[in-house]
Amino acid sequence: MKTSTANGNKYNKRKKIMLIVPMLHQGGFERVCVMTARLLEPYYDVCIVLFDSRDIAYDIRGLQVVDLHMGVKESLWGKALNIAKRSMAVRKLKRKMGIDIAYSFGPSANMVNVFSGRSARIWVGIRSYMDMENVRKIRLFSKRADLVVCCSKRIEEEVRERYLCSKAVTLYNPLDAAALRKQAAGTGPELPWADRADIIVSMGREDDVKGFWHLLKAFAVMHRTVPGAKLMIIGEGDFREYRILAEELGVAEQVYFTGMQRNPFPYLGAAGLYVLTSYHEGFPNALVEAMALGIPVIATDCLTGPREILQSGEDIYGVLLPNMSPDKDLDASRISGEERRLAGEMARMFTDREYRNRQAAASLERAGDFSNERYVEQIRRLADGADGKG
């Protein structure tokens, strides 16, 4: 077997690692999967197994990728049959390729991983607090996996306490700040405004969990104080109902929905402020990415992610607001107290430049605590430990 001589040959045995993911369309854990493959290549033989290769949003050139051609089925029977077929296919691949560790991303990939046999060690990834709502699946993963990889300490603690699972660990997502800044400095985005000052950005697919109605309403209130402000939402979806809401709020000309961008970072780099209004997250990559670009941030204190990112001990690195209501309200005539509070915090960022500069510096400082190097080091400790369980 080949051995790795990188980093003074600290780790000797070159293992084979399979990363399992349903698709690679734009999304948080999909991006982490591709980054993981590239980061681990110098040390392991890595392959990515996809259920469906349509709509790939990330650069997979040079990576070993296997497409099972087993896309989504709509019926319950079809889904159950799909899990069985995928599991059989992955089981064969594990044995044929001599896989040592199979690491899955997302609930459907986790199911396939645990049902595809134990010829390889099984790592399942819990990527969002929403995954915790399916008690039966978490119980299954806790029993059958060798390692439950959590993207936040809050999730790890809950898995340990609720399911008496000693195999849970926290692994924060990787961040290549230098590459991110290089991408952000690329060809400037085409924006609908000649004046690019005072742009607020949020990133995320069109999903109720992102709470974008809160953001639009808060922006409309804030816009009365800062009439030059604009809002840009970057992510997959047509956002039709949010476009209508923006019109009813009277800010349609100041709101831009970019749609999916293969390189969203020039758009993110145009921001003077980043705002996250999700009421559920796992580890919000875009929040840390914004901080790495020196952008001040405001985030809701949803169950996992933002608090761990914005606070470290007694130090605070951004504005953390109480979590917002999950009840979707597209009535433009109703503005809640929590939306008005968010509007006030957003306005302060643009009316108090000294305050904003301090927040920008804090973002940069904290982003340095999340790095590719730390991510790789932790995975290697887990992969090359005596029992592979950390």
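Predicted model: local features only at pLDDT ≥ 70, side-chain atom pairs only at ≥ 80, totals over all residues.
Residues are numbered from 1 along each chain as its sequence is written, and side-chain values use heavy atoms, with hydrogens and water left out.

Back to V34, which sits in helix 1 (residues 28-40); helices here are DSSP runs of H or I with at least four residues, strands are runs of E with at least two, and both are numbered from the N terminus. V34 is buried, at a relative accessible area of 7%, where buried means under 20%, exposed over 50%, and partly exposed in between, for a 1.4 Å probe and protein chains only. One of its contacts, Y58, is 24 residues away in sequence, with a C-alpha to C-alpha separation of 7.4 Å in space.

Seven strands form an open sheet with parallel pairing, in the order 3-2-1-4-5-6-7, two strands being paired if DSSP finds at least two bridges between them. Strand 3 (64-67) and strand 7 (168-170) stand at the edges, each with a single partner strand, so one side of each has no neighbour in the sheet. On average, and with direction ignored, neighbouring strands of this sheet are turned by 25 degrees against each other.

Strand 2 (residues 45-50) and strand 3 run parallel and are joined by four bridges, and within that pair V49 has V66 of strand 3 as its bridge partner. Helix 2 (residues 76-97) packs on the sheet and touches strand 1 (16-21), strand 2, strand 3, strand 4 (101-105) and strand 5 (121-126), its direction making about 165 degrees with that of strand 1; such angles run from 0 to 180 degrees between N-to-C directions, and axes are lines fitted to C-alpha atoms, for helices over the stretch in contact. Helix 5 (residues 153-163) also packs on the sheet, touching strand 5, strand 6 (147-150) and strand 7, with a direction at about 170 degrees to that of strand 7.

Which residues cover the two faces of strand 6? L147 and V149 lie on one side, V148 and C150 on the other, and all are buried. Strand 6 is joined to strand 5 by four bridges in a parallel arrangement, with V149 as the bridge partner of G125.

Next come two helix pairs. Helix 10 (residues 285-292) and helix 13 (residues 353-367) pack at an angle of about 115 degrees, with their axes 7 Å apart. They are therefore roughly perpendicular to each other, since angles under 35 degrees count as roughly parallel, over 145 as roughly antiparallel, 65 to 115 as roughly perpendicular and the rest as oblique. Their crossing is left-handed, that is, the near helix is turned anticlockwise from the far one by less than a right angle, whereas clockwise would be right-handed. V288, M291 and A292 in helix 10 meet S363, L364, R366 and A367 in helix 13. The residues of this contact divide into five nonpolar, one polar and one charged, with Ala, Val, Leu, Ile, Met, Phe, Trp, Tyr, Cys and Pro counted as nonpolar, Asp, Glu, Lys and Arg as charged, and the others, Gly among them, as polar.

For helix 7 (residues 212-225) and helix 12 (residues 337-351), the axes come within 8 Å and cross at roughly 50 degrees, which makes helix 7 oblique to helix 12. The crossing is right-handed. The contact involves residues including W213, F219 and R224 of helix 7 and E338, M346 and F350 of helix 12, and its residues divide into eleven nonpolar, three polar and five charged.

Key
Contact = heavy atoms within 4.5 Å.
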